[in-house]
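Dear colleague,

Please find below the structure for your records. My notes on it follow directly after.

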Amino acid sequence: MTKKEIFRISAFKENSVWRQILGICSALAVTNLMVNSLIMGLGVIFALALSCFTISLLRSYTPRSIRMMVQTLIIAAYVIIVDIFLRAYIPVVSKQLGPYVGLIITNCILMGRAEAFASQNKPLDSLIDGLGAGVGYTLVLLVISFIRELFGFGSLFGIKVFGDWWTNWSIMVMAPSAFFILAMFIWVINVKYYKNKA
Amino acid sequence: MSTKSFRDTMLYPIVFMLVISFVFVGVLAVMYRGSQAKIEAYEKETYQKMVLSLLATSIGEATDTKPFHIIADYPNSYNKYVKEISFAGLDKRVFIAEVDTVVLGYCVDITGKGLWGTMRALVALSPDFKTLHGISIYDQMETPGLGARIGEEWFTNQFNNFPILKTDGKPGDYVLDAQLIPEGAKAEQTNQIQQITGATITSSSVIKMLKGEINLVYEAYLRQAKL
């Protein structure tokens, strides 16, 4: 597989969210504002790519019996780095994301990519795979938050799009709306991208 | 003993895990130490700025300065006018604004239960505690877009110059009962507060927090004044 293909497969063809239905919890929780989704996505891309890289580097030394412990430790370390970075340099966003940054550790996508790809492939390939999966995840988050912020707040990235005539849809700012949007999004992807029969 | 055979022993996974834990925890500790001062400084600054901006109107009136000049002059203005004090028997942070030993107002850190978790707020009070000069809710976990709107200015501004004490207050019951009215309705009495549509529990939690906490603070203040 070429590097480009690895990226394409993990970001789109085998997208973690719409194909493997992983990372749903955070897709529901942090998608009410686009800024939050973007920062969360960047955090996941960073933690995912680097932890995949590190796990792959250590893969031949890691005893099979404790590989999951090692993976969790590595993932946790990178996530804490993201958390510390946000708290020190972008405190406003850190406050808004609240506990969700720390919860990247429990994001199934990270463990999933570590087990499925990084523990059996070369470091550079794993890095690209991690990047791809992270980009795919961020993409879904941005699509959901685009709809939720537009209808729920009448704005995009905090900039007012609709005028004063617009009445915010309360449902859009609450978690259930993300369920509906995600489901419909997966439906559209299945029909249009995979050409499955609806 | 060759490496190969050591890797087959039971000891290898333990040693491996220990080493890798040390390495990663070490890296994190260094990173945390490096940014700890920055994080704490930022938190302290935001907090002090909030106290200052709540007290700025009173300070401005006394010194004949525009409130935003006082806020822009942080940290000089903070060090000059604001002091942290404590009331006996009250486990809360209390700040006092003074110009030439004349008390201009108090600022108290209060907490209360919201819908999803603890809310923390700073409230500014007049020197006699009768009037609320402002409130700033700085920590809450309410629903974004609904309850979280308690942080919005139109909501908190309703508490500017809000008469908080009853005229006939008794011990344990000093605070005026605020009355919630629908969002967008016009307040006909001074104790009416527009609540947030879709966030009834959060709105009344704010009122409840104010009532309970300011009661405690006022009692402590009275005790202190008697001493």
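**The sheet of chain B**

Chain B holds an open sheet of six strands, paired antiparallel in the order β1-β2-β3-β4-β5-β6. The edges are taken by β1 (82-85) and β6 (162-163) of chain B; each has a single partner strand, so one side of each is left without a neighbour in the sheet. Please bear in mind throughout that this is a predicted model.

Helix α2 (residues 11-63) of chain B packs on this sheet, where it touches β1, β2 (94-99), β3 (102-113), β4 and β5 of chain B. The direction of α2 makes about 155° with that of β3(B). Helix α6 (residues 200-226) of chain B also packs on the sheet, touching β3 and β4 of chain B, and its direction makes about 125° with that of β3(B).

Strand β4(B) covers residues 118-125 and is joined by six bridges to strand β5 (residues 131-139) of chain B, the two running antiparallel. On its other pairing, eight bridges join β4(B) to β3(B), again in antiparallel fashion. B:Ala124 takes part in both pairings: its bridge partner in β5(B) is B:Gly134, while B:Cys107 stands opposite B:Ala124 as well. Elsewhere, B:Arg120 stands opposite B:Asp139 in β5(B). Strand β4(B) is mostly covered, with six of its eight residues buried.

Both pairings are hairpins. Four residues lie between β3(B) and β4(B) in theirs. The hairpin of β4(B) and β5(B) has five residues between the strands, and B:Phe129 there takes a positive phi near 70°.

**Backbone points in chain B**

Most residues other than glycine have a negative phi, and most peptide bonds are trans.

- B:Asp64 has a positive phi, near 60°. B:Asp64 is found in the loop between α2 and α3 of chain B. B:Asp64 counts as exposed because it has 6 C-beta neighbours inside 10 Å, and the cut-off for exposed is 12 or fewer.
- B:Asp100 has a phi near 50°, likewise a positive value in a residue other than glycine. B:Asp100 lies in the loop between β2 and β3 of chain B. With 6 C-beta neighbours inside 10 Å, B:Asp100 therefore counts as exposed.
- The peptide bond from B:Tyr74 to B:Pro75 is cis, with omega near 5°. B:Pro75 lies in the loop between α3 (67-72) and α4 (76-81) of chain B.

**Helix packing in chain A**

In chain A, two helix pairs are described here. The axes of helix α3 (residues 34-57) and helix α4 (residues 67-89) of chain A come within 9 Å and cross at roughly 145°. This crossing of α3(A) and α4(A) is right-handed. From α3(A), the residues A:Gly43, A:Phe46, A:Ala47, A:Leu50, A:Ser51, A:Thr54 and A:Ile55 meet A:Gln71, A:Ile74, A:Ile75, A:Tyr78, A:Val79 and A:Val82 in α4(A). By class, the contact of α3(A) with α4(A) has nine nonpolar, four polar and no charged residues. An α-helix has 3.6 residues a turn, so residues three or four places apart point the same way.

Helix α3(A) itself has 24 residues and reaches 34 Å from its first C-alpha to its last, close to the 34 Å expected at 1.5 Å a residue. Helix α3(A) is mostly covered, since 19 of its 24 residues are buried.

The axes of helix α1 (residues 3-13) of chain A and α7(A) come within 7 Å and cross at roughly 35°, and this crossing is right-handed. On the side of α1(A), the contact is made by residues including A:Lys3, A:Ile6 and A:Phe7, and on the side of α7(A) by residues including A:Asp125, A:Ile128 and A:Asp129. The residues of the contact of α1(A) with α7(A) divide into eight nonpolar, three polar and three charged.

**Where the chains meet**

The contact of the chains takes 22 residues from chain A and 20 residues from chain B. On the side of chain A that touches chain B, the elements giving two or more residues are α4, α7 (123-153) and α8 (170-173) of chain A. Of these, α4(A) gives the most, with 10 residues. By class, this side of chain A has 16 nonpolar, five polar and one charged residues.

With kind regards

Methods: Residues are numbered from 1 along each chain as its sequence is written. Chains are lettered from A and ligands numbered from 1 in the order in which they are written. This is a predicted model: local features need pLDDT of at least 70, side-chain atom pairs count only at pLDDT 80 or more; totals for chains, interfaces and linings use all residues. Axes are lines fitted to C-alpha atoms, for helices over the stretch in contact, and angles run from 0 to 180 degrees between N-to-C directions. A crossing is left-handed if the near helix is turned anticlockwise from the far one by less than a right angle, and right-handed if clockwise. Two residues are in contact if their C-beta atoms, placed from the backbone, lie within 7 Å. Ala, Val, Leu, Ile, Met, Phe, Trp, Tyr, Cys and Pro count as nonpolar, Asp, Glu, Lys and Arg as charged, and the others, Gly among them, as polar. Two strands pair if DSSP finds at least two bridges between them. The expected span of a helix is 1.5 Å times one less than its number of residues. A residue is buried if 20 or more other C-beta atoms lie within 10 Å of its own, exposed if 12 or fewer, and partly exposed in between; C-beta atoms are placed from the backbone.
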